[in-house]
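Okay, thanks everyone, I'll keep this short. Have a look at the structure on the screen while I talk, and then we'll walk through it piece by piece.

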Amino acid sequence: MPAIEMTETAVLPADWRDFLALTKPRVMSLVVFTGLCGLLAAPAMPPFVLGFTAILCIALGAGACGALNQWYEADIDAKMRRTAKRPLPDGRMDRQSALHFGVGLGSFSVILMGLATNWLAAGLLAVSILFYVLVYTVWLKPRTAQNIVIGGAAGAFPPLIGWVAATGRVEALPLLLFAIIFLWTPPHFWALSLFVRSDYAAAGIPMLPVVAGLDNTRRQVFLYSLPMAGAAVAPWPLGLTGPIYGASAAILSFVFVVLAGRVLANRTTEPSAMAAEKHLFAYSVFYLFALFTALVADRWIA
Amino acid sequence: MPRPDDELVRGRQRGRARVTALLLGAFVVLLFFITIAQASRNW
């Protein structure tokens, strides 16, 4: 009977920095920022420590999503250059530790949110974690090119959770904030997947450029940017925000649509020549930061 | 079976124990302030 081989990496306990890397801190920053803006844009402000705890719980919930995503996709991550150095595919941590860490962190974040703020916010946080892990990671991502469209809902929850943590109610503005991120996600991720599509193809992930081709993806990027721009500007004419947000949203969204138009016009198949796609991807991150900053500025200055 | 250097294992364990202790301490402090904030909100 062959002896069970144990490698040095399996015997060695994982470093605490590897647990931190499991939470995808860079992705977390956008989640924390939009959650914080949702909280700051709300009409009622909770005491500082409760607001701080709400944002901490959103961050921990996002960290749990990252850990569980990496636990489930360790074999896929090993096939992609962009992700091959993560703790699991690199052999610096065993899968069970990642699973326990993710489940523990997620449960802790939901319970703490419920105890510190309210159970509606905790319920929304639980739904967002389960949606990201079960609906997006496990169900949609490996099966359909529409994974990003529906899965984008998971990333759209933070401003809604921030608002509900502050007020205890679901209202029109946070639902519009949800819609903005939901509609922003496809052009953002498809712009990225256009110039890293060989990675996704190698890993067998059915991203839109791999399944439907470059031209179709470029058309979808442009088409999604239109309702996204509409949702971004909508709070102003609906009387939910003031002119600071309205003017900022109109200008920022106009530039977004122009850049998406440049992606639509691009015909290259060579990733190194996809400057329009890279510009749109970089701008889309700036766009979300700037839009939510304008929302908070509008609430606090106007 | 290759045995990792004992000192390396101890180092990793020490590092994780320190971080866990720090996080637990921070959690206790946070819980204290949450309790104070909740109590003053309910008065």
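Let me start with chain B, which has one helix and zero strands. Of its 43 residues, 0% are buried. And before I go on, please keep in mind that this is a predicted model.

Now over to chain A. For the radius of gyration, a compact globule with 302 residues would come out near 19 Å, and chain A has 20 Å, which agrees. As for burial, 48% of the 302 residues of chain A count as buried. And if you take the contacts in chain A with a separation of 6 or more, 73% of them are between residues 24 or more positions apart.

Next, the domains. Chain A splits into domain 1, residues 14–170, and domain 2, residues 172–302. Their centres, taken over C-alpha atoms, are 21 Å apart. Domain 1 of chain A puts 28 residues into the contact, and domain 2 of chain A puts in 27. Which helices supply at least two residues each on the domain 1 side? Those are α3 (25–41) and α8 (147–167) of chain A. Of these, α8(A) gives the most to that side, with 10 residues. By class, the domain 1 side that touches domain 2 has 18 nonpolar, five polar and five charged residues.

That brings us to helix packing. In general, you describe two packed helices by the angle between their axes and the distance between the axes. Take α8(A) and α9(A): their axes come within 7 Å and cross at roughly 145 degrees, and the crossing is right-handed. On the α8(A) side the residues include A:Gly152, A:Ala153, A:Ala156 and A:Trp163, and on the α9(A) side they include A:Phe178, A:Ile181, A:Phe182 and A:Trp190. This contact of α8(A) with α9(A) has 16 nonpolar, three polar and no charged residues.

Then there's α9(A), residues 172–195, with α14(A), residues 275–301: here the axes come within 8 Å and cross at roughly 145 degrees. Left-handed or right-handed? This crossing of α9(A) and α14(A) is left-handed. Among the residues making the contact are A:Trp184, A:His188 and A:Phe195 of α9(A), and A:Glu277, A:Lys278 and A:Phe281 of α14(A). By class, the contact of α9(A) with α14(A) has nine nonpolar, two polar and two charged residues.

Is A:Gly63 buried or exposed? A:Gly63 has 24 C-beta neighbours inside 10 Å, so it counts as buried, given that the cut-off for buried is 20 or more. Leaving out residues up to four places away in sequence, A:Gly63 touches A:Thr23, A:Met28 and A:Leu105. There's also A:Val27, 36 residues away along the chain, with its C-alpha atom 8.9 Å from that of A:Gly63.

Okay, that's my tour, over to you.

Methods: Residues numbered from 1 in each chain as written. Chains lettered and ligands numbered in written order. Predicted model: local features only at pLDDT ≥ 70, side-chain atom pairs only at ≥ 80, totals over all residues. Buried ≥ 20, exposed ≤ 12 C-beta atoms within 10 Å, placed from the backbone. Contact = placed C-beta atoms within 7 Å. Domains from an automatic or database assignment. Helix = DSSP H or I, 4+ residues; strand = E, 2+ residues; numbered from the N terminus. Nonpolar A, V, L, I, M, F, W, Y, C, P; charged D, E, K, R; others polar. Rg over C-alpha atoms; globule rule 2.2 N^0.38 Å. Axes fitted to C-alpha atoms, helices over the stretch in contact; angles between N-to-C directions. Left-handed = near helix turned anticlockwise from the far one by under 90°.
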